[in-house]
Amino acid sequence: MTATYDQYYQTENLFGKPFPELIEFFAGYSGKGKVLDLGCGQGRDSVPLARLGFNVTGIDSSQVGIEQMNRTAEAENLTLTGKVTDIFEFDNFAEYDFILLNSMFHFAKNDREQETNFIKRILSKIKNGCRIVFCVQDTGKKIDILNKTIDFEKPLNRLADKKLEYVFENKENGHKSKTNYRMVIVEK
Ligand SMILES: C[S@@+](CC[C@H](N)C(=O)[O-])C[C@H]1O[C@@H](n2cnc3c(N)ncnc32)[C@H](O)[C@@H]1O
């Protein structure tokens, strides 16, 4: 597990607002069901999803991020639980209705195998009807790799494939940078 993000998360709400398209997708289910946010960070998505009425479990290796998120959950009495855990050691996927993986995959040479094997393991363990929401940077071959991994055994029902734009604002100097993202949603 890496503790790198503990340092980054000294800045509260580092990654800013959630993708509106992601919130829109979940809002369509009017707050029913259990969500697992793998690598939830400071709760950029977990908090608004709990506010929509979902029962959310967020896991992350950053204790600082989890503590910030749990403080918000407690203050607002949300059905949101944050746990410090390594996502690659988590296995209890079958109880969730939605699994969210936002900005978790790089598919770089040295971590591609671990990441694609992890996706395949999740797909094999989730229950029928579970939806997985991937938000991945749309650069290089990342989306190709994601799509091939998703379709590895048998093609799943594809619910959405949307182009997103992420704007990161450096809170210290106000500098903004844009990155293209894709949101791919599949249902088992
Ligand atoms: C780019 S951030 C994305 C955070 C959040 N999903 C979001 O979109 O705001 C990546 C997150 O993954 C977490 N992370 C990276 N590797 C992890 C691992 N093996 N287990 C748990 N969390 C991990 C980091 O601590 C960090 O919070």
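Before you click, a word on names: helices (H or I, at least four residues) and strands (E, at least two) are DSSP runs, numbered from the N terminus. This is a predicted model, where local features need pLDDT of at least 70 and side-chain atom pairs count only at pLDDT 80 or more, while totals for chains, interfaces and linings use all residues. Residues are numbered from 1 along each chain as its sequence is written, and side-chain values use heavy atoms, with hydrogens and water left out.

**Stop 1: a helix and its charged neighbours**

Select Arg-112, which sits in helix α5 (residues 112–125). Is Arg-112 buried or exposed, or something in between? With a relative accessible area of 37%, Arg-112 is partly exposed. Here is the scale: buried means under 20% relative accessible area, exposed over 50%, and partly exposed in between (1.4 Å probe, protein chains only).

**Stop 2: the loop leading in**

Next, pick Ser-103 in the loop between β4 (98–102) and α5. Its phi is near 60°, a positive value in a residue other than glycine. Most residues other than glycine have a negative phi. Ser-103 is partly exposed, at 30% relative accessible area.

Stay in that loop and click Phe-107. Phe-107 also has a positive phi, near 55°. At 4% relative accessibility, Phe-107 counts as buried.

**Stop 3: a tucked-in helix**

Select residues 142–150, which make up helix α6. How many of its 9 residues are buried? The count is 7, so α6 is largely enclosed by the rest of the structure. Colour them in: Lys-142, Ile-143, Ile-145, Leu-146, Asn-147, Thr-149 and Ile-150. Show α5, β5, β6 and β7 as well, and you'll have the elements that the buried residues of α6 pack against.

**Stop 4: salt bridges**

A salt bridge is a side-chain nitrogen of Lys or Arg within 4 Å of a carboxyl oxygen of Asp or Glu. How many salt bridges does the structure hold? There are 9.

Begin with Arg-51 and Glu-76, whose side chains meet at 2.6 Å, N to O. Arg-51 is in helix α3 (residues 46–51) and Glu-76 in helix α4 (residues 63–76), so this pair ties together parts that are 25 residues apart in sequence. Glu-76 counts as partly exposed, at 36% relative accessibility.

Jump to Arg-131 and Glu-187, a salt bridge at 3.4 Å, N to O. Since Arg-131 lies in strand β5 (residues 131–137) and Glu-187 in strand β7 (residues 176–187), the pair ties together parts that are 56 residues apart in sequence. Arg-131 is buried, at 17% relative accessibility, and Glu-187 is buried with a relative accessible area of 17%.

Then find Asp-161 and Arg-182, whose closest N and O atoms are 2.7 Å apart. Asp-161 belongs to strand β6 (residues 157–169) and Arg-182 to strand β7, so here the linked parts are 21 residues apart in sequence. Asp-161 counts as partly exposed at 41% relative accessibility, whereas Arg-182 is buried at 16%. Finish by selecting Asp-91, Arg-121 and Lys-125, which salt bridges with shared partners join into one network.

**Stop 5**

Select Asn-55 in strand β2 (residues 55–60). Asn-55 is partly exposed, with a relative accessible area of 35%. Leaving out residues up to four places away in sequence, Asn-55 touches Gly-33, Lys-34, Val-35 and Thr-79, where contact means heavy atoms within 4.5 Å.

Thr-57 counts as buried, at 8% relative accessibility. Which residues does Thr-57 touch, not counting residues up to four places away in sequence? Look for Val-35, Leu-36, Asp-37, Thr-81, Lys-83 and Tyr-96.
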